[in-house]
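This report looks at how one chain is built, how it meets its partner, and how the partner is divided.

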Amino acid sequence: MAEVRLEGIRKAYGTVEILNDIDLEIAHGEFVVFVGPSGSGKSTLLRMIGGLEKISGGTLKIDNRVVNLMDAADRNLGMVFQSYALYPHLTVRDNLAFPLRMAKLGKNQIASKVHDAAALLQIEHLLDRKPKQLSGGQRQRVAIGRAIVREPKVFLFDEPLSNLDTELRVQMRVQIAKLHRQLGNTMIYVTHDQVEAMTMANKIVVLKDGRIEQVGSPHDLYHRPATQFVAGFIGSPRMNFLPCKLKAKDEARAEVALRDGSSRWLPVQAGAVEPGQALTLGIRPDDFVAPSERPGELVIEIDVDFVEHLGSATYLYGAAFGEHIVARSPTDHFHAGSGGRVSLAVTPSDCHLFTEKGKALSRLEAPRSWS
Amino acid sequence: MDFTRSPATTFVLNALVALCALILAFPLVWIVMMSLKTQTDVMAWPPTFVFTPTLENFRVLFDVAQAGATSYGTIKVDFLSPIINSVVIALGSVVVSLIVGVPAGYVLARRDIPFKEDIAFFILGFRFAPVLLVVIPLFSLFQSMGLYDTYVGMVWVYQVITLPMIVWLTRSYVEDIPKDIEEAAAIDGAKPVRVVLHIVLPLLKTGLIGASLLVFLLAWHNFALGLMLSSTKAPVTVALLKLLNPGVQFYPVMAAGLVVTMIVPVILIVVGQRHLERGLTFGAVK
């Protein structure tokens, strides 16, 4: 069992606050991904859990034990670094054996554990090579092997895939996810790539400017983003944002007016927002459909200036109401030519609304989490 | 990187390299020739390039037993003990500098200590100042402490030459080791001392061999410290000066002494060239 609990964790360099009041609970066996733009403090947070950065305030508990001042060497963790950080002077075998030697295990035990880890990651044929004789993907596997060989309580991954090419990254992503299923350990994974976060995590922690924006399952974050930032960060291509105004509201609905004067009722709770106040309408590129004259649907005219054919999907880039818009074309064969104008519709229940301060209003008909 | 060059450019560049080599090699060749000539050949004008080589000069250098009776008249030369002195002093200095300087360089590279840059600069400062600056005050100090003309005193004072280099080179080599590697070792269960022993030192090895060679050469060639602070334990550089005996035409023996003095560094450079280049240019890793 290995739970990690962060209570009011703070990190400051002098007067510069890097992390602020971080509260987070990570249950045993969870795969938690810290995601956020660069400078959000996600790596610092991971390194604090690992014992590589001092904790300026708050309490860090691993297995209900306060470890704020515990040496990294004593925390019994495994970590995979972005640079892999293999020991260049040691062979792969000795790299894998290093944590076990530090734990003062016997020779036979070391040999058998190294063998098991190598077999799990299919690097047995590389055991006698030095790190510099390995390819990027192989180094990555050795780095993971070195982290798992000691069977640590918690695995930490610091952007482990960002030095790999796209194809390898997808492979390793699957391999790490499988590894998590096989080992069942707690894993904490840092990335700036929201696709990695979405595909691997049980729980995503979105960080921005040293604060947690939202914690939730990938499904929750996608369908019920708490803030405009999360809505824009999760999902690719990113969500479109259009300015609008609240025109009227009742308990379960809000009527918003767009720039062209048209207005629609959306199944979103306006809460404390009063009519006349400015809002931001959020629409995911994938939520555009062909207009069908259904009552209540929101029709948006887009001036398309670029069409991207991906084979499986076609994305239209253009503008509406003076804002950039990306929309997935409902038909695969879109040939408007440059400067074409197209009308696309959005179902009201697919719309997101954000206050001026970027807080999301509650969507009443958003898909429920299946997990 | 390979550029395409016209044959004319290549020729000019090669000619320049050849010229450089010639200018640099001339004194060396001249001294080696001199060391193999007799006194008459040395003094001949115009200089002779064809002569019967003799090892007499080298015999004079080392033949302590026959002291006094040489073909140059009555002189006594003992060149073996200065060489031994130099080896002991230079080697001892390097070893002491490694023991003291490597940990210091590591701390300066990796740890946050108060006044870090000032300390580092102060250590390097000894390399800016002329050695005589230290020598004059030390002269009386050494005499009163009984360190004058002892190996311990010499090795100690030679730290002025060797220690700053070892500290600064170690610092830059350690900075070249990605911090991740040490952090990985810490996560893998290694306490700070074990991180240094198992990870940092093996990675520094190549760089430190180069740095040691380099400071050994610096120590070997030092003159002022030995001249002022030793007499019987004087290094070979001081002994060479003593060969400049006023009134005696002593050039061929002195040339032989120079050749002998050069042999140790030359052997070291030839053997350790790979490491030396590395010590001068690259860090320990990559």
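Helices here are DSSP runs of H or I with at least four residues, and strands are runs of E with at least two, both numbered from the N terminus. The model is a predicted one, and in it the elements of chain B run α-α-α-α-α-α-α-α-α-α-α-α from the N terminus on, which comes to twelve helices and zero strands.

Chain B has 286 residues, of which 34% count as buried. When contacts in chain B between residues at least 6 apart in sequence are considered, 78% of these join residues at least 24 apart.

Where the two chains meet, the contact takes 16 residues from chain B and 19 residues from chain A. On the side of chain B that touches chain A, helix 8 (179-187) and helix 9 (192-220) each supply at least two residues, and helix 8 of chain B gives the most, with six residues.

Chain A is assigned two domains, domain 1 (4-232) and domain 2 (237-363), whose C-alpha centres lie 38 Å apart. The contact between these domains takes eight residues from domain 1 of chain A and eleven residues from domain 2 of chain A.

The table gives the residue classes for two of the contact sides described above.

| Side | Nonpolar | Polar | Charged |
|---|---|---|---|
| Chain B, touching chain A | ten nonpolar residues | one polar residue | five charged residues |
| Domain 1 of chain A, touching domain 2 of chain A | four nonpolar residues | three polar residues | one charged residue |

Definitions and conventions: Residues numbered from 1 in each chain as written. Chains lettered and ligands numbered in written order. Predicted model: local features only at pLDDT ≥ 70, side-chain atom pairs only at ≥ 80, totals over all residues. Buried ≥ 20, exposed ≤ 12 C-beta atoms within 10 Å, placed from the backbone. Contact = placed C-beta atoms within 7 Å. Nonpolar A, V, L, I, M, F, W, Y, C, P; charged D, E, K, R; others polar. Domains from an automatic or database assignment.
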